[in-house]
Amino acid sequence: MQFSNLNLDYFSILPEIITALAGVILMLIDAFSKKAGRKLSPMFSLFALVATLASIIALWPRASYTASFAGMIVNDHLRLYFALVIVACGIIATLLASQFLDDEALPPGEFYALMMFATTGMLMMASAGDLVMVFLGLETSSIATYVMAGYRRTDLRANESSLKYFLLGSFSAAFLLYGMALTYGATGTTNIEGIRQILIAGKVIYPQMLLVGVAMMLVGFGFKIATAPFHLWTPDVYEGAPTLVTAILATGPKVAVFAAFLRVFAEGLGTPTAPAVGAQIYDNWINALAVMAAIGMTFGNIVALAQRNMKRMLAYSSIAHGGYTLIGFLTTEYAPVGFYMLTYALMSLGAFAIVQMLAREGDAKTEISDYAGIGFEVPNLSFPLAIFMLSMAGIPPMAGFMGKFYVFKSAWVSSPNLRWLVIVAIINSIISVYYYLYPIVVMFFRPPVSDFTKPRLSPMSQLALAITIIGTLYFGLFPNGALKVLQQKTPGAQQVAVQK
Amino acid sequence: MVPLSWYLALSAALFTIGVAGVLVQRNVISIFMCIELMLNSVNLTLVAFSRFLNQSTGQLFVFIVMAVAAAEAAVGLAIIISVFRNRETLSVDEESLLKL
């Protein structure tokens with residue numbers, strides 16, 4: 001933190017301001033008028049999220065490395081791109097939420113407010129230029145999502161999911177925090193760009209302590225993105241939480257944590273040519289990450305083969321996808337990770353949305369066997385689900401294929417000595433085809449279940465589904481637009497914010 | 001003056017006790033207290049560094065950690081209460097509905 005140059009640039013935190021204020025207003029709407037809230041809250045949150053989207057686009061021409069708020073906020077292309085993806089996830093989730101809350105007769109006000117606060121936290125993670133902000137954003141989004149996981153208060157499974165998420169989430173946050181504290185002690189600064197400058201200059205005060213600190217931060221981030229060997233909470237939490245909340249947990253926070261992960265590791269500690277401990281740290285974390293990615297993919301895919309519950313299967317698949325995404329870190333650029341997160345978020349939200357529509361009240365029908373023979377009964381749900389499954393398996397022309405292709409290709413080119421990882425990943429995506437095809441086979445080729453009734457679809461849910469389907473196909477067929485946005489280089493030299 | 005390493009050793013010991021407690025304890029409230037112990041041991045580390053580096057950054061970080069820990073405690077205890085209402089037990093061994 002530098003206090004001589006605070007640079008209070010309020011425009012640079014406009015997205016966060018809008019979502020935070022919207023969260024407070026949503027709570028007030030709920031407090032003053034419960035009845036009107038049910039109609040008004042979703043409309044208002046959509047309006048606020050679209051305004052946030054507009055403010056992010058308005059910030060685009062101002063992208064630079066110049067940090068505002070004493071180095072706390074960085075407004076570069078990484079931040080803007082990830083903020084865009086996070087808000088897009090928020091919009092899709094909000095569109096889906098009104099039907100979910102109506103069907104389950106749950107109170108609407110807090111849900112939208114919590115979602116706004118969670119989005120605020122996620123946006124803070126994307127824009128953090130300082131370890132303090134990373135921690136604050138992470139906890140803001142986590143605390144809101146702990147509550148959302150247990151939103152169906154009388155349901156034992158939701159209770160358990162929320163409790164497990166809370167205990168393991170705060171346990172891992174403590175690890176992350178200890179890592180940050182040791183990194184601060186070793187380098188004398190909490191600013192991420194400052195840490196980078198100190199590593200390049202070779203001025204680390206306690207090199208060994210920095211190694212321990214970075215290792216603990218890796219554990220903390222690994223927990224939050226649910227990669228093996230820190231994934232144990234994921235299947236339980238994803239299965240027990242209401243399906244819509246699972247959709248939110250699996251996308252928005254994951255995208256945001258990847259943004260912060262990139263910022264701290266790929267930017268702050270991405271110093272392969274630094275003297276002494278700098279290069280050693282880079283070697284260590286990149287190798288640790290490669291191992292985590294390999295275990296995550298293999299474990300996620302193999303255990304997913306044995307799953308008979310759709311939500312659990314998708315949870316293991318999301319562990320595997322986390323592994324694939326980590327391969328993008330080998331390039332120490334944000335483009336592969338960013339593009340993979342975009343495609344993953346779209347197909348995940350779509351798949352969970354359909355699971356939610358088919359699950360009925362209290363998530364009663366989430367076993368894959370419940371989907372038997374529904375293929376031609378509800379083609380408007382079964383065909384999209386097939387598209388998302390094929391996309392996750394990485395079959396062209398869906399977005400999932402493009403995401404995988406881009407990550408694998410850039411890792412293959414950029415790091416010749418870690419090419420084995422790409423080969424492991426390709427073998428893994430072949431294994432994963434089996435369990436992604438399984439629900440499709442069950443839907444279309446099994447005799448129908450007798451008690452199946454068509455689920456109700458509100459116009460808003462249909463719109464959300466349409467967005468995810470079009471997105472999945474669009475980014476699979478025409479990825480150039482998104483890649484061009486991702487490859488923009490932030491203008492201007494990196495601003496140094498080192499404290500003396 | 002007490003050297004920096006003493007503070008660091010103390011906070012590392014507290015952190016380890018917290019981790020061990022989370023892994024060993026079976027009562028949700030005890031686990032939660034152990035997590036709080038972990039957070040506070042980190043606070044001790046931050047304050048010690050702040051003092052020995054002659055900076056205020058670490059102390060500011062501690063304020064933010066304390067605010068976050070308070071928010072977390074509020075939400076955490078609420079979750080624990082709602083679990084207790086439905087199950088009438090605080091043992092994590094009973095929380096085994098969701099398993100492979």
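I started with helix α6 (residues 156-187) of chain A and helix α2 (residues 28-53) of chain B: their axes come within 9 Å and cross at roughly 15 degrees. Axes here are lines fitted to C-alpha atoms, for helices over the stretch in contact, with angles from 0 to 180 degrees between N-to-C directions. Helices are DSSP runs of H or I, at least four residues, numbered from the N terminus. So α6(A) is roughly parallel to α2(B) (angles under 35 degrees count as such). By class, the contact of α6(A) with α2(B) has 21 nonpolar, 4 polar and no charged residues.

This is a predicted model, where local features need pLDDT of at least 70, side-chain atom pairs count only at pLDDT 80 or more, and totals for chains, interfaces and linings use all residues. Residues are numbered from 1 along each chain as its sequence is written, chains are lettered from A in the order written, and side-chain values use heavy atoms, without hydrogens and water.

Cys89(A) is buried at 7% relative accessibility (buried means under 20% relative accessible area, 1.4 Å probe, protein chains only). Cys34(B) is buried too, at 14%.

Last, I checked Thr52(A), in helix α2 (residues 34-59) of chain A. Its relative accessible area is 0%, so Thr52(A) counts as buried. Beyond four places in sequence, Thr52(A) touches Pro15(A), Ile18(A), Thr19(A), Val87(A) and Leu123(A) (heavy atoms within 4.5 Å). Thr52(A) and Val237(A) are 185 residues apart in sequence and 29 Å apart in space, C-alpha to C-alpha.

Note on methods:
Helix = DSSP H or I, 4+ residues; strand = E, 2+ residues; numbered from the N terminus. Parallel < 35°, antiparallel > 145°, perpendicular 65-115°, else oblique. Nonpolar A, V, L, I, M, F, W, Y, C, P; charged D, E, K, R; others polar. Buried < 20%, exposed > 50% of the residue type's maximum accessible area, 1.4 Å probe, protein only.
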